[in-house]
Amino acid sequence: MFSNVGMPHGYCFFWQPGLLWLHVVSDSLIAFAYLLIPFALLRIIRRRSDIPFNGVVLAFGAFILACGSTHLMDVYTLWHPVYWLSGTLKAFTAVISIATFFILIRLTPAILKFPSSADMRQLNDRLNSVLESTSDGVLTIDFNWQVLYANRVAQETNPGKELLGRSLWESFPPLHGSTAEEQLTIAMVRRFSTTYEEHYPPYDQWFRVHAFPSTDGITLFFSNITAEKKLQLQLQQEKELKEQRIEALGHMAGGLAHEINNPLSIIQARASDLKEIADEGVPVPSMAVQSACESILRTCGRAVRILRGLQGFAREGSKDPMQTASVQAIADQTVELVVRRFQTHKVDLQVTVQPALPGLECREVQISQIILNLLNNAFDAVDSSGKQERWVRLQIAQAASGDSPGLCIEVIDSGLGVDEKSKSHLMEPFFTTKPVGSGLGVGLSLSRAIARDHHGTLELTSVDGHTCFRLLLPFTQPQVSTAAATSPPRKFPHMAQEPS
Amino acid sequence: MNVSEAIILVVDDEPELCEIFAAWLARSGCQVLTAANGAEALVTIQSTRVDAIITDIRMPIMDGVTLVRRLHELHLRIPSIIFVSGFGDIDVREMTSLGVEALLTKPVVRHQLLAALSNCLARRSDLWLTPMQNDPEDSIDMALASLADAQANSTMNLGRGGLCLACEGMLPECSVAFAIHLRKEDIVLKGQGYIRWTDPETGHIGLEFKFLDPSTRQFVVETLAEQDPYSYIPRCC
């Protein structure tokens, strides 16, 4: 292959120096350029690893390199007639060229599919419009907590201040030390996606946030769930009220069994005694019959009163319409439920109701439930105090202050009082100072919820050092449309609404 | 002891019921004291001989259960205690282990009260004489090394009115015939009774004697005289 065949190619140019050197220089430059082009291609591939079609670029490189070598061979054959070698090189180049051609043909559809920059722009616009039109807020945050992207909804959470390019913590300072900080740090550092719900105090709104790790840092999707939370809370309260009623009924059932069984025992004993005497055939003295019957009648009356008091309590009352009721009747009805218990445990129940009070617009059963709850709490406080002094006062009078006339119901007890630590928690659901199992922790918080429903308040104060629960209620309920009553107290821009 | 010779303390916060019970008992010839609650009863017991207490459970100031617990703490032994209650909110295991012999539910009939009382006051050797009218619903058959051994390893313990036994799978309030072989003593304790409580956690039952075979009765009476247990039905653990 390396053997010389015929004459060197220079003979064809008659060894004319001008023509000879024209070919030498041109072929050398072509070969040099062809040698450099693959390196340039390789450089591009290395820098942009995301560009597909590496295969065809490499094939193209090989093809150009082969072409270059044939030009070099052309220079050599001017002086040395190694035409077999140069022919073989050309054949090799031909094969690579044909192969490159076929690779190119095969890849053409894929190359044509590759999006153009116009396509990319369109895609970007579409994505943007999706992110902008969603009712969720979207934020992209880099590893330094700088906001890289905020959609319209996200931007509106911080009206008047630019979010982009600023730290998340700078834009929303209250997030510091909150669940949000903890959860977002988890997503950022440990690269987990997390979901959490949080109350944001400055707006008094609830948000549900999904955080996902992304290439830049993390992306947050969040939505305003305040309305949902409110509904949930309302349902929870209704459920608690129902449970409290059932629990209170269960609690009372034990006491009632005792209360009803005692009269029954007396009645049965009196009757069976009479029967025993009669069975013996001895005439029963009328005195004995009279005193036994009196005892039976008196005891029956007691049992009936106990049961009558229960009737009011057995209804729920939360769906009752607001109606004007007599304060005296509410007080009497409620006191009847507990008076026996107070008597047998030697707790003095002092009830004072101001005479000639106006009617109270309320849900009677619910107000009765609050008073019952307060009286029972007061009873427990007195009974467990171990003090000599054992009394509970129920005082009902017209409220002295306020812009419209109101009713003030106070329950004061001689118990040990509420300690400072318990005081702050007392109205929270499920907080009870009674031993586990004996109390109804939901009582006070629900009583307060009912009071609020009636546009009133329930507060803990003290009178001469004694614990006093004060329920303040307006005599008439303010006229409020239902729509206004259910809307949130402070409106948050756009968040809970449909995108406009 | 006969009912007519006994001094009975009636404890109830319902004055009229106290009065009725006292009248019933007085008619049977016994001496009756009354108290309005546990605390008053405790004062009476500490100053006077009392053979039996008939007490309500729910009472102000000190309830019946607390009264019984206090008696136990103060090592005041009252031969017989009967609970009378309108509501069964009570742990029978604790009740019988604190020496309470019977729980009567209100309303109570006179002969029921007197029957329970005379049972409580009776000499142990006069008890458990007649077999049950119907055949027991279940049976227990087991063998133990000895009574001392069983008491030491909590498999069986004897009280004034029954025994506690390590025995799984029994139903409460069910009548049983039992045969417990004590190898060392070479005796088979045979009789009939009621299961008063079951404790699935420890696998024990509390059994109240209703009838005992003559030889078993003799063994039980002798053992009780020797050990003099506080509990009516003890807890094994």
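Here is a friendly set of questions and answers on a predicted two-chain model.

User: Before we start, what conventions apply to this model?

Analyst: Residues are numbered from 1 along each chain as its sequence is written, with chains lettered from A and ligands numbered from 1 in the order in which they are written. Side-chain values use heavy atoms, leaving out hydrogens and water, and since the model is predicted, local features need pLDDT of at least 70, side-chain atom pairs count only at pLDDT 80 or more, and totals for chains, interfaces and linings use all residues.

User: How much area do chain A and chain B bury between them?

Analyst: Buried area is the accessible area (1.4 Å probe) that two parts lose on being put together, summed over both. The contact draws on 23 residues from chain A and 18 residues from chain B. Carbon and sulfur atoms carry 50% of the buried area, which comes to about 1,800 Å².

User: Which helix gives the most to the side of chain A that touches chain B?

Analyst: Let's begin with the pairs: the interface of chain A and chain B holds 9 residue pairs in polar contact, both residues at pLDDT 80 or more. A polar contact is a pair of N or O atoms within 3.5 Å; within protein, one must be able to donate a hydrogen and the other to accept it, and residues adjacent in sequence count only if both atoms are side-chain atoms. On the chain A side, helix H8 (226-279), helix H9 (286-314) and helix H10 (327-344) each supply at least two residues. With 16 residues, the one that gives the most is H8(A).

User: Which residue of helix H5 in chain B pairs with A:Glu276?

Analyst: The rule finds 7 salt bridges across the interface, a salt bridge being a side-chain nitrogen of Lys or Arg within 4 Å of a carboxyl oxygen of Asp or Glu. A:Glu276 forms one with B:Arg27, the closest N and O atoms being 3.2 Å apart, and one with B:Arg110 at 2.6 Å. The latter pair crosses from helix H8 of chain A to helix H5 (residues 110-121) of chain B, so the residue asked for is B:Arg110.

User: Where does B:Glu173 lie?

Analyst: The side chains of B:Arg196 and B:Glu173 meet in a salt bridge (3.0 Å, N to O). B:Arg196 is in strand E10 (residues 187-199) of chain B, so the pair ties together parts 23 residues apart in sequence. B:Glu173 lies in the loop between strand E8 (162-166) and strand E9 (175-182) of chain B.

User: Which backbone oxygen does the side chain of A:Thr334 reach?

Analyst: A:Thr334 is found in helix H10 of chain A and is buried, with a relative accessible area of 0%. Leaving aside neighbours within four places in sequence, A:Thr334 is in contact with A:Ser368, A:Ile371, A:Leu372 and A:Leu375. At 2.7 Å, the side chain reaches the backbone oxygen of A:Ile330.

User: How far apart in space are A:Leu241 and A:Ile450?

Analyst: A:Leu241 sits in helix H8 of chain A and is buried at 7% relative accessible area. A:Leu241 and A:Ile450 are 209 residues apart in sequence, while their C-alpha to C-alpha separation is 9.7 Å.

Definitions and conventions: Contact means heavy atoms within 4.5 Å. Helices (H or I, at least four residues) and strands (E, at least two) are DSSP runs, numbered from the N terminus. Buried means under 20% relative accessible area, exposed over 50%, partly exposed in between (1.4 Å probe, protein chains only).
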